[in-house]
Amino acid sequence: MAEEDSVVVIGLGRFGSALALELMDSGTEVLGIDGDEEIVQAHNRLLTHVVRADSTKEETLRQLSVPEFSSVVVAIGSDIQANILTASLLIKMGIPNIWAKAVSEPHGEILRQLGVKHVISPEKDMGKRVAHLVRGVMQDYIDIGEDFALVKTAPPQEILGKPLSETRVRTVHGITVTAFHRAGQGWSYATMETVILAGDIILVAGQTERVESFSRLP
């Protein structure tokens, strides 16, 4: 396993397992670590390597060559103490890219104080995402951060059948149409000359409130 092209996922519960399998599907090699023998056996042959080990022991992590990896995900959710101790050891080892799952805001704050730059809150983030989708008519919603979002939605009537330059969407609505999907043609980047047709799907970027308002236009 080439460590620079691989990721360690520690904790193979629902979140860790889904993440590890998605990484494998995308062509990334994965070393999975979990303390439960049944979980390890269930992931045998699904991941590049999977081992049963205690991630709270520095010697164990070193024996598994974890310090040689550039990216490690701490996906332990059931044991906050083990999550924090593991993250602390990874920081001590100088691993440059550490992601750690937080099960609560105080937990996340502790991880950030330790020095974890990428704190993941799957339940909270998914709840926010679903709330945005429920509120509008968007087909998908991605929160980029700092009040900026990317939205997948059907185009409103007012921009159909004419070049985007003539719709003045940036001036009127403060958003940018970045790409569009047309049946049989797939996704394409949008330009000022692009003409959006009924039945197309568009990707819209901008401030969260503005893209939500735009997605609700008839």
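Start by colouring two regions: the domain assignment, which is automatic or taken from a database, gives domain 1 (4-122) and domain 2 (130-214). Their C-alpha centres lie 36 Å apart. You are looking at a predicted model, in which local features need pLDDT of at least 70 and side-chain atom pairs count only at pLDDT 80 or more, while totals for chains, interfaces and linings use all residues. Residues are numbered from 1 along each chain as its sequence is written, and side-chain values use heavy atoms, with hydrogens and water left out.

**Stop 1: the parallel sheet**

Switch to cartoon view and look for six strands in an open sheet, ordered 3-2-1-4-5-6 and paired in parallel. Strands (E, at least two residues) and helices (H or I, at least four) are DSSP runs numbered from the N terminus, and two strands pair if DSSP finds at least two bridges between them. Select strand 3 (49-52) and strand 6 (118-120): each stands at an edge with a single partner strand, so one side of each has no neighbour in the sheet. On average, neighbouring strands here are turned by 15 degrees against each other, direction ignored.

Next, pick strand 1 and strand 4, which run parallel and are joined by four bridges. Ile10 stands opposite Val74 in strand 4.

**Stop 2: the core around Ile10**

Ile10, Val72 and Leu90 touch the most other members of the largest nonpolar core, which has 22 residues. Such a core is a set of buried Ala, Val, Leu, Ile, Met, Phe, Trp, Tyr and Cys residues joined through side-chain atoms within 4.5 Å, where buried means under 20% relative accessible area with a 1.4 Å probe, protein chains only. Helix 4 gives the most to this core, with four residues. Select that helix and you will find it lying across strand 1, strand 4 and strand 5, at about 165 degrees to strand 4; axes are lines fitted to C-alpha atoms, for helices over the stretch in contact, and angles run from 0 to 180 degrees between N-to-C directions.

**Stop 3: strand 8**

Now select residues 148-153, which are strand 8. Strand 7 forms a hairpin with strand 8, with four residues between them, and Gly145 in the turn has a positive phi of about 110 degrees. Asp140 has Lys152 as its bridge partner in strand 8. Finally, strand 11 (residues 201-207) pairs with strand 8 in the antiparallel sense over six bridges, with Ala205 as the bridge partner of Leu150.

Technical notes
Buried < 20%, exposed > 50% of the residue type's maximum accessible area, 1.4 Å probe, protein only. Contact = heavy atoms within 4.5 Å.
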